[in-house]
Structures are given as structure tokens and as C-alpha cells.
Amino acid sequence: MNLLVRKSNLEGLLQKHVEMASEIKNLDTDLQMLVYENYNKFISATDTIKRMKTNIVGMETNMEQLLDKIMTVQSKSDGVNTKLFEKREHIEKLHRTRNLLRKVQFIYDLPSRLGKCIKSEAYADAVRFYIGAMPIFKAYGDSSFQDCKRASEEAMAMIIKNLQGKLFSDSESIQARAEAAVLLKQLDFPVDSLKAKLFEKLEQSLDGLQLTHEVIAIVSVESSNLSEQGNNTESVPGSAHGALVSEFAEAVRAYQIIFPDSEKQLIKLSQDLITKHFEITSDYIKKWIPIANFLGVLRIIWKDVLLIDKVLHEALLPDYSSKAFRIAVRQYIKSTFSHLLHDISDALTNVYIKPKEKLEEHPLVVFLEAGKSSVLQGSVNVLLDFRQLLEENLGGLQLSDLIVDWVQEGFQDFFRALHDQFLLLSGKNKSTIQDENSTGGITEEIAAYFSGGGGSGTHENGPAFVPGEICRTFHSAGEMLLQHYINMRTQRISILLRKRFTTPNWFKHKEPREVHMFVDLFLQELEAVESEAKQILPHGVLRKHRRSESNGSSASSLSNSLRDDRNESQKVEIFTKTEYTQESVVTTVVKLCLKSLQEFVRLQTFNRSGFQQIQLDVQFLRAALKEIVEDEAAVDFLLDEVIVGASDRCLDPIPLEPPILDKLIQVKLAKEKEQTPISP
């Protein structure tokens, strides 16, 4: 306080005064609250003290009376002890003599007892008897009990021999061999030399505990029975295997008791057993197995883990096996998607490789339906299996979030591989266009069963599963496949056109007598394209783009068409995006073929007859193509370009007169009408 007065000014002292007054007030309040809260306890303590004062009155007199009685009892007890002292010493001496005689009798009877134990194979009792007699043999074995000692040692030698034989007998159980090792250790037999041999026996016993194909087959049958009974997960299949594992666990317990320093070896041995289980399971997963069988195998492994963990908790097998469980489940999911992709490929291939006489009227329809069915139904079945896996609780490993991520990642990889497969198949089939409805249906099932995610947000092989992105990918694949089909058909027809223009000598061409045969072949190829498109593509909205007729029947009309086509080329859009319709596909093929025809024409040199032959063929094609294309303007423009190109490469570009041109075309139409069979 003096220090505070010296160092503080008046304002500081006043502030300290206020603080101390506040603290005193708070302490008074706390003291009052303490009294109020403990008032009943104070009253009760006061009453208790009053009762104690009342009850203690007269206790001193009672204690004195009790002391007198105790002294009386003590004096009488001393008198009894004095009278019986001599007899008691005699009785104790006789009792010691009797115990000594019983021990002597036990020593004399020990060889016969050991013989009986050998006959009944009660080696534990024999060892207990012999160990009990060892102190006497050490003290008097060379004098009084020499014969008994020699006979007992001979019997024990036989017992040790039998125990050794039992220890290394393959017919004996591991538990029995462990008990034999314990008895030998009690007899001070050097069992450390047997440690390696006994551990080797344990290692050999692992071969009988592995999940062989026979055990897995039994698990499959029991799992199917469990599923028929309501899928009771508490019943664990593989009871025979469980009995063997229980015996192994007891042997591990006994071995640990015999050799306390063998913990590391036993931990490694147990971990090797679980590792082999998962290695066999991994090989088993590579083949397609039902989800019930896979779950049955996982339950067996988990039960083995728990059985061994009870006797060897230091191995931490649940933690050790949790990573292996995750790897096995993920491998099963990947393997399931792989087999699904293989089944889809087989379904498509089996449809494709059928003999032609066994194919349906519309093979592409069969092919498309087979692809849709295998993708959609197969994916739904896979999702149902994964849902069972999601609902399974393997010892509380908490794999639900991971399974959701793995399934989504698996479907992402599956669709990517399926996309690659369809692109690969496009080089083998005439037309393979993937229906987006199947992809949309699968994504709906995924949203229903595996909504949300495990929280990882990303996957190892790419971004998180996005159904919309999958649909866009397959839409792009469909466009690529459709374009591939158009290119294949166009190349096929281009070969026909190349042969038409490279084979004859146009410079020496004769006057045209009829429409050339290549026109019929060209129209047949277009009919094949139209027939295939009708099988898998719908009709589109028919948009006819027409332009003024141009037949190039005279020199003046030809020059006019040249000018008109050059001006109109700035307005007509020839190549547009191909739609998923029959008319769009056929129109695109026609445009590409006419473009090729134009290029082939520009590579030749024509005389007047050759030019007129080109004019006749183009004019016939003009009428025929109007019936199958939707963009007449572009087709007419390309046909005119063919005539223009031929006129540019002609030495004397004089066209046929319209009457002659019409007459030749009518002759061709009449001939086609005669060749066409009349349907009844």
C-alpha cells in the first residue's frame, strides 16, 4: 500500500479506491449468495451436532463394561491354551508326520501314476505330478528314492518322446501341438529349438486357410441361399472355412503364450493371410461374378480379420485390411464396367457377324436396338448391383462416399471407352449412330441411385461426372459417325465416277445414243444410302429450295446459264450442317458426289459428242435427284457447274437440241418402266 501511495498520483489512488470498493461489494454479494445457497446444509449440520452430543452421553460407561468383559475372555483363553499346549504340539507333530507319509506314498506311487497317465494320454497330469515330486527327488533322489526316481525318469522320457511326436505330427491339430509345446517347456525341455519348426507348421497351415475356388463356390451357393431368404447379412457364409480360421487363431494365441517374443512374426503371418485373401479375391474379380458372391467373399474376409484380431490385437488387422477392402471394391467396380463394355461389344458384334441370309429386313435397325438395349439395360443392372454394394456395411468401414465417387468415375470412364469403341466400330460397319436416349436414361438412373457425391469433387482420370457433358460427347460422336458414314458412301461412289471419266477417250467420243450406264449405278448407290438412312433416321421437315430451270439445250442458253450460275453462286450455300434426318444425309451425299463429278470433268478434254453425253446424263440426273433431295437449288447449281466445267474443257461446246435431249430421256424412262416388275 505504501508503494502504491508513493508511486501513484491522486487520480490513480481514487481509481484504485473505486476498484477496491467494487471488489468489496462483489465479495459481500458472493458471501451472501454462498450463505443463501448453503443455508439448509448449515441447519442440517447443526442438527447433526446436537444429536451427536445427545448420543455420546453414557458411552464411556458402556466402553468400560466392554473392556472388563474382554479382559475376562482373554484370561479364560490363556487358561485353555495353557492346558492344551502339550496336546496341541503332539497333534501338530502327528499331522506333519502324516503329511510326510502321504508325500512318501506319493513318491512310491509316482511311477505307476505316470504309467496310467501315459496309457490315458493325460500328459498334463503327468507333468504336474512329476514337477510336484521334483523337490524330493533333488533332496533324496540319490539315496532313499533312487529306484522311484529312476522309474519316474524313464516314464517321463517316454512322455517327452510322445509330446515331441505329438508336436510334429501332421494329424494333430495346431491347438494340440501348442499344448504339447507348453508341457515340454514346463519340463525345462529346450523348446526354443522347436520354435522355428512350430512356426513353420503355422505357415504351412495358411495353405488350408486360403480362399480356394472350392470355398468361393460354396460361398456363392450360400450367398444365393441368403439372398433367397431375404439377404440376412448377419449370417456369414463359409462356416467350414470359419472353423479352420478359428483353430488358426487359437494356435496363434497358444504360440504367443509359449513364445512371448514372437509377436512380430505372428503379426506378419496374420497380415500375409489377409493379403493372400485379397490377392485371390483380386484374381476372382477379373472374371465376372454376381454382386452377392462378391459380398459373400468380403464378409468371409472381414470375419477372418475379426477372429484373428481377438487373439492378436497388436496386428491392427482392421486398419491394415481397410485399405485392401477399398482397393478390392474399387477393382470390382472397374471390372464390372469392363465386363459391361465387353458385353456391349459382343452384342453389337454378334448382330453384325450373322450370315446375310439370317439378317432381318432392316439390319441396321436390329443393330441399333441391340446397342441401345445392351447399353441401357446393362447399365441399369450394374447400378442395381452397385446399390447393393452401397447398402452393405462391412464392419463400419464407411465406404459409401467413396463408392459414389468410384461409380461416377467408372461411368465417366465407361462412356469414354464406349465412345472410343463406337468410333472404332465406325470403320467396320456401314452405319453406327448412337442413340442419345439410352445415354439420357442411364444418367437418370445414376441421378436416382448415386445422387450427390463423396465430396472429392474430382477424379483421377478427369473432372467430376457431368451427365450433360456425357450427352454432348455422344452427340459429337454421333455427328462424327454420321460424317464418317457419308464419307464412306461418297468415296464408294467417287470410285465409280472416277472409272467413268478415266476409262473412255473423251476426245474421240461418239454421239450420245442413250443415258450412260453409270447414271443407273449412281442412282442405285443413292437408293442404298436412302434405304439405310430410313432404317435408323427419322424424316425431317422437307424444305425444297428451288431455282429456275436450266437444261443448257442451246449455245445461247448455255452462255446465259454460265452468267446466271456465276452470279447465283454468291447466294446459294452449297454445304450446310448435316442433320439427323434421312433427307439431310442423302442430300449431303449427293452434293459431295456432284462436287467430285465436277472435279473429274475438269480433268478431261471433251469433243462435241463427249460434251453432249455429259449434258444428257446431267439432265437425266436433274429430274431423278429432285425426288430424293431437300435442297434442289444447291443440287441444280452443282449440276450446272458440271455442265459449265465440261463446256470449259470442250473444243466445240455445242449442246444437244431440246427435242433430241427430251427424246433420249423419254427413251430411258420407257426402258426403265419396262424393266420395273409390276407388283400384283
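Modeller: A residue counts as buried when its relative accessible area is under 20%. Tryptophan 506 has 2% relative accessibility, so it is buried. Keep in mind that this is a predicted model.

Now to the cluster. Phe501, Trp506, Phe518 and Phe606 make up one aromatic cluster. The model holds six aromatic pairs by the ring-centre rule. One of them joins phenylalanine 501 and phenylalanine 518.

Where do phenylalanine 501 and phenylalanine 518 lie? Phenylalanine 501 is in helix α17, residues 467-502. Phenylalanine 518 is in helix α18, residues 517-536. The pair therefore ties together parts that are 17 residues apart in sequence. Phenylalanine 501 is buried, at 1% relative accessibility. Phenylalanine 518 is buried too, with a relative accessible area of 5%.

Tryptophan 506 pairs with phenylalanine 606. This pair is also edge-to-face, with 5.0 Å centre to centre and 70° between the planes. Here both partners sit in loops. Tryptophan 506 is in the loop between α17 and α18. Phenylalanine 606 is in the loop between α20 (582-602) and α21 (608-625). So this pair ties together parts that are 100 residues apart in sequence. Phenylalanine 606 has 0% relative accessibility, so it counts as buried.

Definitions and conventions:
Residues are numbered from 1 along each chain as its sequence is written. This is a predicted model: local features need pLDDT of at least 70, side-chain atom pairs count only at pLDDT 80 or more; totals for chains, interfaces and linings use all residues. Side-chain values use heavy atoms; hydrogens and water are left out. Rings of Phe, Tyr and Trp (its six-membered ring) pair if their centres lie within 6.5 Å; planes under 30 degrees apart count as stacked, over 60 as edge-to-face and the rest as tilted. Helices (H or I, at least four residues) and strands (E, at least two) are DSSP runs, numbered from the N terminus. Buried means under 20% relative accessible area, exposed over 50%, partly exposed in between (1.4 Å probe, protein chains only).
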